[in-house]
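Please keep the sequence and the 3D view open while reading.

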Amino acid sequence: MPETFNRYVMNTYGRFPVTIERGLGCRVWDTGGKEYLDFVAGIATCTLGHAHPALVEAVTKQIQKLHHVSNLYYIPEQGELAQWLVEHSCGDKVFFCNSGAEANEAAIKLIRKYAHTVLEFLEQPVILTTINSFHGRTMGALSATGQPKYHQHFEPLLPGFEYIPYNDIVAVEEAITNIDEGNRRVAAIMIEPLQGEGGVRPGDLEYFLRLRKICDETGILLVFDEVQVGVGRTGKMWGYENLGVSPDIFTTAKGLAGGIPIGAVVCKQFCDVFEPGNHASTFGGNPLACAAALAVLNTIERENLLQNVQARGEQLRTRLRALVQKYPHIFSEVRGWGLINGLEIREGVSLTSLDIVNKALENGLLVAPAGPKVVRFVPPLIVSPQEVDMAAEILDKTIASLV
Ligand SMILES: *Cc1c(COP(=O)(O)O)cnc(C)c1O
């Protein structure tokens, strides 16, 4: 498989030498029949795990009925999904697309149009984003991403972004003061409630309260990238609910349709400035993806999955903290909310997150790195107590064999 695969597919991913061909719940099997416990879940995407009957049924029914038409026409499933999202969030209006990067691109366009048409003075709107953020790989989302390693060889970036340290309110105040010359001013702060890719770093409560206050006082838009933490991942429906503040605009994607491609921007009424012709997506909000998302969201509600996320998250963090205590010279801390958690390797230890991920894979556990020093755990929201225990045991064995 790898030889033919690599002959035809561009070399953009560091792939693990495994071909997964089947999944059920929180388990997947490779082509050799080996079983793995899946604590990656398509990178925080397979909300209901694999082959969940509700998702299978919704997608099967929808593809037999109608899977795609075009946004030239009304799509009832899209309207129903938008209604669900509005009724279960701080937002009023929704635009649909197909991925996280695309959702952020739409948010960036929405911010810019708002700046040009409502904050009329703002000819050169600046969007503040944070260092170690991750917003996607398309040029706008990449420019918003505060990690130079992703920018290298892809310059020039889109202008109009400045990066500030995460959880540092003084840096925000300074940036707003400094970026105030002629028609160049801060129009929005775009930020993850918890930095996922950047190392599973939860937002600080006090910091986010101050951010909201600054935005209320200045008219600057507060925009949250909920692509990884939204849709129940943190034990609340939206990541921002952990911080006691709500954004003016937020984006969602990864877990929204349980692994079927989808993305969305949700905004409050006052910044809903798009008009016909301003933005579009051929596949965005098609009946198939929307039916899948509705099945995911209705299952989260019906099966009370948020409660499971909170309980399993506590259980997992307890087990991971026990590992930190057992190997205090290797690990520094455990961070996370609900079922997005990171185990951080101590500064100066030569072991990397990739070493652990590779060894865990051998031992039948899928986990993912979040940067070189953090191992990330993002299992399906349906994960059971037994599966959390099993993951912790495999991890313990994995670490014991590495040290
Ligand atoms: C994954 C991710 C993205 C990009 O999503 P894609 O679907 O890969 O384009 C953007 N923001 C955050 C916070 C993410 O975790």
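## Aromatic pairs

The model is predicted. It holds nine aromatic pairs. One of them joins tyrosine 114 and phenylalanine 270: the ring centres are 5.9 Å apart and the planes stand at 80°, so this pair is edge-to-face. The cut-off for that class is an angle over 60 degrees.

Tyrosine 114 belongs to helix H5 (residues 100-117), while phenylalanine 270 sits in the loop between strand E13 (263-267) and helix H10 (287-302); the pair therefore ties together parts that are 156 residues apart in sequence. Tyrosine 114 is buried, at 8% relative accessible area. Phenylalanine 270 is partly exposed, with a relative accessibility of 44%.

## Ring cluster and a charge over a ring

A cluster linked by ring pairs is made up of Tyr166, Tyr207, Phe208, Phe224, Trp238, Tyr240 and Phe250.

Tryptophan 29 has arginine 22 over its face, 4.3 Å from the ring centre.

## Cavity

One cavity of 30 Å³ or more is present in the structure. The largest cavity has a volume of about 40 Å³. Its lining consists of Ala44, Thr47, Gly230, Val231, Arg233, Gly255 and Leu381. Sorted by class, the lining residues are three nonpolar, three polar and one charged.

Technical notes
Residues are numbered from 1 along each chain as its sequence is written. This is a predicted model: local features need pLDDT of at least 70, side-chain atom pairs count only at pLDDT 80 or more; totals for chains, interfaces and linings use all residues. Side-chain values use heavy atoms; hydrogens and water are left out. Rings of Phe, Tyr and Trp (its six-membered ring) pair if their centres lie within 6.5 Å; planes under 30 degrees apart count as stacked, over 60 as edge-to-face and the rest as tilted. Helices (H or I, at least four residues) and strands (E, at least two) are DSSP runs, numbered from the N terminus. Buried means under 20% relative accessible area, exposed over 50%, partly exposed in between (1.4 Å probe, protein chains only). A charge sits over a ring if NZ of Lys or CZ of Arg is within 6 Å of the ring centre and within 35 degrees of the ring normal. On a 1 Å grid over the protein atoms alone, a cavity is a set of points where a 1.4 Å probe fits but cannot get out, and a pocket is an open set with protein on both sides within 12 Å along at least five of seven lines; lining residues have an atom within 4 Å of a point. Grid points are joined across faces, edges and corners, and a volume is the space filled by probe spheres set on the points. Ala, Val, Leu, Ile, Met, Phe, Trp, Tyr, Cys and Pro count as nonpolar, Asp, Glu, Lys and Arg as charged, and the others, Gly among them, as polar.
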